[in-house]
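The sequence and the 3D view come first, and the notes follow.

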Amino acid sequence: MTDEELVQEFLQGASAAFDELVRRHSVAVYRTALAVLRSGADAEDVMQETFVLAFQRLQGFRHEASFKTWLLTIAWRRALHRRRSLTWQLKELVMADAEFPQAVTAHPPSVDQALIVGELSRDVRRLIRKLPSRLRDPLLLKATGHLDYQELAEMLGIPTGTAKWRVSEARRLLRLKLARLGHY
Amino acid sequence: MAVMKIGPGSRGEGQQLRSAGFRHESIESRIDEATRLLMTREPSPEARRAVLAAIARLQTSAAAAGFEVQRGSSRLTAISMSMAMVLLGFVAFRLFVPPATAAQAYAGEALLIQLSGSSLAFWINTTFVYPGFLFIHTLGLALVVGIGLAVDLRLLGVAARVPLAALRALIPAIWVGFWMSVLSGVVLFTADAPGKGENALFSIKLVLVASGVIVTGLIERHLFRADGGMSPSRSRTLAIISLLLWIAAIVAGRLVGYAVDGAFV
């Protein structure tokens, strides 16, 4: 069943339909929040907030965008809201030198992947953290693999061309900074 | 990859360009891989179960209470905001549209004196009515400002783990408090109409309260929209404005009783 069909079923009283929507999109919602917050625990909190809000507001869903885009937009805004909170900013100050947490994948990394997780990877993680948020967020959101450029642009409320530019500009800055660190 | 030119002495350059092209591709793919690895995390099974449990609780309480999802603002919010705008308009008219003639100014003052000299005002001032309505006025203020400040602080990130949606249930209490203050305020005004009517601080207090109500209504109307609410920066801005308005309203309200003829006594 498509997302829209599940939404219709839920609105007609089939509560299990929403559980299926949760199962389908929990990873995408989590990764969207993770791209903004860089903390697994905070991302899980935002994931729960997002689905609770979506449950409460589904009757007001106007189908102007796909259900996935609507849901990820809620996640994006909740994550931004948390990022701008005083407590989160204080936590950032305290953990100023912390990098992204090590990636934990559902499947063990291959040999190639293990090789990648080395010095270059650490430098990339550190440099990503230092990117301005308007470039970093689109780069990481695109990297989740759950959004194409059009969906990304809809979520961020910017033109598709701008979304593409921000991702490529983030990559260009990363290349430049990596070159300065000796990675060619 | 860069386009290579074939010409005298270009072989070395061509090799460098080919190498640069290879390295460019290599660093690009490394960025891709590193970025993808960062974003391939998945939520823990416990977190997923917690989401389903939270949804199940909502479904149970919704079914039990005949809950219906509400969109946007309630009728009570709209009426309260309208009243606040009327109040703002009235005070603005008094402040910025002076009486055309001395007779009109005298008539306004005479009306206030007549009101305070009425038997109604006498009854209010000489019985338990005045302290009773003062109590109701204070209680209404406590509801409006207390809950309003809690919502504002939550929007500014204090107690971020409290879901914002949970605060929505408290919003109607703000409007109940507002109307308690308005209706009791009319009674209190009647008891001392000239003292309040000619007191600039009283007008300032009304402006601040009315503005606070309008901002609170905007916060409620936009924060709980179906598409996930207003942008974080807008909600923070409104929360800061609301916070400042309510604090100023409290201070102005307290000072009204101490200001006589433009001086504090």
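## An aromatic cluster in chain A

F10(A), F18(A) and F55(A) are joined into a cluster by ring pairs. The model is predicted, so these notes describe a prediction. Across all chains, a search of the whole structure gives 6 aromatic pairs. One of them is F10(A) with F18(A). Their centres lie 5.3 Å apart, with 50 degrees between the planes, and the pair is tilted. F10(A) and F18(A) are both buried.

F18(A) also pairs with F55(A). Here the centres are 5.5 Å apart and the planes stand at 85 degrees, so this pair is edge-to-face. The cut-off for that label is over 60 degrees. F18(A) sits in helix α2 (residues 16–37) of chain A, and F55(A) sits in helix α3 (residues 40–57) of chain A. The pair therefore ties together parts that are 37 residues apart in sequence. Both F18(A) and F55(A) are buried.

## Salt bridges within chain A

Side chains of opposite charge can pair when their charged atoms come close. Over all chains, the search of the whole structure finds 16 salt bridges. R82(A) and E49(A) form one, with N to O at 3.1 Å. This pair links distant parts of the chain. R82(A) is in helix α4 of chain A, E49(A) is in helix α3 of chain A, and 33 residues separate them. Helix α4 of chain A covers residues 67–83.

The side chains of R82(A) and E49(A) also count as a polar contact, again at 3.1 Å. Is this pair buried or exposed? Both R82(A) and E49(A) are buried. For R82(A), the relative accessible area is 8%. That value is under the 20% cut-off, so R82(A) counts as buried.

D123(A) and R126(A) make another salt bridge, with the closest N and O atoms 3.4 Å apart. Both residues lie in helix α7 (residues 119–130) of chain A. They are 3 residues apart, about one turn of the helix. D123(A) is buried, at 11% relative accessible area. R126(A) is partly exposed, at 30%.

## A salt bridge between the chains

Which residue of chain B pairs with R171(A) in a salt bridge? The partner is D32(B), and the closest N and O atoms are 2.6 Å apart. The pair crosses between chains. On one side, R171(A) belongs to helix α10 (residues 160–180) of chain A. On the other, D32(B) belongs to helix α1 (residues 10–38) of chain B.

The two partners fall into separate accessibility classes. R171(A) has 16% relative accessibility and counts as buried. D32(B) has 27% and counts as partly exposed.

## A nonpolar patch on chain B

Four residues form a nonpolar patch on the surface: I247(B), V251(B), L255(B) and Y258(B). Together they have about 330 Å² of accessible area.

V251(B) lies in helix α11 (residues 232–256) of chain B. How accessible is V251(B)? Its relative accessibility is 44%, so V251(B) counts as partly exposed.

## The chains as a whole

Chain A has 10 helices and 0 strands. Its pattern along the sequence is α-α-α-α-α-α-α-α-α-α. Chain A has 184 residues, and 53% of them count as buried. Take the contacts in chain A between residues at least 6 apart in sequence: 65% join residues at least 24 apart. The accessible surface of chain A is about 8500 Å², and carbon and sulfur atoms account for 52% of it.

Chain B has 11 helices and 2 strands. Of its 265 residues, 38% count as buried. For contacts in chain B between residues at least 6 apart in sequence, 79% join residues at least 24 apart. Chain B exposes about 14700 Å², and carbon and sulfur atoms supply 68% of that area.

Notes
Residues are numbered from 1 along each chain as its sequence is written. Chains are lettered from A and ligands numbered from 1 in the order in which they are written. This is a predicted model: local features need pLDDT of at least 70, side-chain atom pairs count only at pLDDT 80 or more; totals for chains, interfaces and linings use all residues. Side-chain values use heavy atoms; hydrogens and water are left out. Patches are made of residues with over 30% relative accessible area and no salt bridge: like charges are joined within 9 Å, nonpolar side chains (Val, Leu, Ile, Met, Phe, Trp, Tyr) within 5 Å. Accessible areas come from the Shrake-Rupley method with a 1.4 Å probe; for residues, only the protein chains shown count as cover. A salt bridge is a side-chain nitrogen of Lys or Arg within 4 Å of a carboxyl oxygen of Asp or Glu. Helices (H or I, at least four residues) and strands (E, at least two) are DSSP runs, numbered from the N terminus. Buried means under 20% relative accessible area, exposed over 50%, partly exposed in between (1.4 Å probe, protein chains only). A polar contact is a pair of N or O atoms within 3.5 Å; within protein, one must be able to donate a hydrogen and the other to accept it, and residues adjacent in sequence count only if both atoms are side-chain atoms. Contact means heavy atoms within 4.5 Å. Rings of Phe, Tyr and Trp (its six-membered ring) pair if their centres lie within 6.5 Å; planes under 30 degrees apart count as stacked, over 60 as edge-to-face and the rest as tilted.
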